[in-house]
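Dear colleague,

I am handing over the structure below, together with notes on what was found in it. Please read the notes with the model open beside them.

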Amino acid sequence: ENLNLWDNLTAQGYRISALGSTDAHGTPHKLLFFKIRILTHSYLFGTIRTNVLIAEDEEVSENSILEALRNGRSYVANYRMGYPYNFSGGVYATKKTGVSFGQDIRFEKNMKFYYNLPNSAKVTLVREGKRLEVQNSKYGEFLISESGAYRLEIERFGLGWIYTNNVYVIE
């Protein structure tokens with residue numbers, strides 16, 4: 001439902017950044033004479049997280065983190081499906097011009113949306129809610145044939161692992 005709403009708003013021209021987190025309550029449950037916590041805080045806080053992308057030459061501060069989140073320079077990862085360390089992705093026209101999540105790039109012929117993952121996974125290219133192409137790989141590229149808002153949905157073991165914010169390919 002959330003992905004559909006996000007994609008519908010994106011298709012209407014809105015630029016909305018996705019954030020992911022858990023809603024951890026750690027509610028105890030009674031089992032015979034014992035109280036147990038099925039989903040503990042330590043378990044839940046190790047699941048869904050938003051990873052923020054900050055330029056190497058930029059100081060990590062509250063302002064830089066908020067600015068990155070505001071502009072969609074982030075992605076959501078489910079750490080229970082695997083650590084996303086060294087994950088990267090974005091769109092490039094030539095080896096000299098490229099952008100990552102939350103950024104704009106002018107459409108050119110032969111543009112590609114690339115990804116590098118720490119583990120093989122099912123990677124789906126999504127353009128404004130339409131699933132365009134699927135690959136099962138650790139590294140890959142998708143050809144971009146028109147302008148629009150593009151993102152990746154990445155699954156492992158049949159479950160969501162990484163959801164990127166959009167890259168905006170503009171006319």
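Which helix and strands each supply at least two residues of the lining of the largest pocket? They are α1 (2-11), β4 and β11 (159-164), where helices (H or I, at least four residues) and strands (E, at least two) are DSSP runs, numbered from the N terminus.

Before going further, please note that this is a predicted model, in which local features need pLDDT of at least 70 and side-chain atom pairs count only at pLDDT 80 or more, while totals for chains, interfaces and linings use all residues. Residues are numbered from 1 along each chain as its sequence is written, and side-chain values use heavy atoms, with hydrogens and water left out.

**The pockets**

The largest pocket has a volume of about 370 Å³, and α1 gives the most to its lining, with five residues. A pocket here is an open set of points on a 1 Å grid over the protein atoms alone, where a 1.4 Å probe fits, with protein on both sides within 12 Å along at least five of seven lines, and lining residues have an atom within 4 Å of a point. Grid points are joined across faces, edges and corners, and a volume is the space filled by probe spheres set on the points. The lining of the largest pocket counts 17 residues, and Asn2, Leu3, Trp6, Ala18 and Leu19 lie nearest the centre. By type, this lining divides into 12 nonpolar, five polar and no charged residues, with Ala, Val, Leu, Ile, Met, Phe, Trp, Tyr, Cys and Pro counted as nonpolar, Asp, Glu, Lys and Arg as charged, and the others, Gly among them, as polar.

The second largest pocket holds about 240 Å³ of space. Of the 14 residues that line the second largest pocket, Leu53, Ile54, Ala55, Glu56 and Ser100 are the closest to its centre. Its lining divides into seven nonpolar, four polar and three charged residues.

**The helix α1**

The buried residues of α1 are Trp6, Asp7 and Thr10, where buried means under 20% relative accessible area, exposed over 50% and partly exposed in between (1.4 Å probe, protein chains only). These residues lie on the same side of α1, because they cover an arc of only 95° around the axis, the arc being that of the directions from the helix axis to the C-beta atoms. Among the elements that cover the buried residues of α1 are β8 (111-127), β9, β10 and β11. After α1 comes Gly13, whose phi is positive, near 100°.

Asn78 is found in strand β4 (residues 74-78) and counts as buried because its relative accessibility is 15%. A polar atom of the Asn78 side chain lies 3.0 Å from the backbone nitrogen of Arg80. Leaving aside neighbours within four places in sequence, Asn78 is in contact (heavy atoms within 4.5 Å) with Thr47, Ile48, Gly160 and Trp161.

Glu153, in strand β10 (residues 148-156), is also buried, with a relative accessible area of 10%. The side chains of Glu153 and Arg151 are joined by a polar contact of 2.8 Å, a polar contact being a pair of N or O atoms within 3.5 Å; within protein, one must be able to donate a hydrogen and the other to accept it, and residues adjacent in sequence count only if both atoms are side-chain atoms.

Val134, in strand β9 (residues 130-144), is partly exposed, with a relative accessible area of 44%. Val134 and Val123 are 11 residues apart in sequence and 5.6 Å apart in space, C-alpha to C-alpha.

With kind regards
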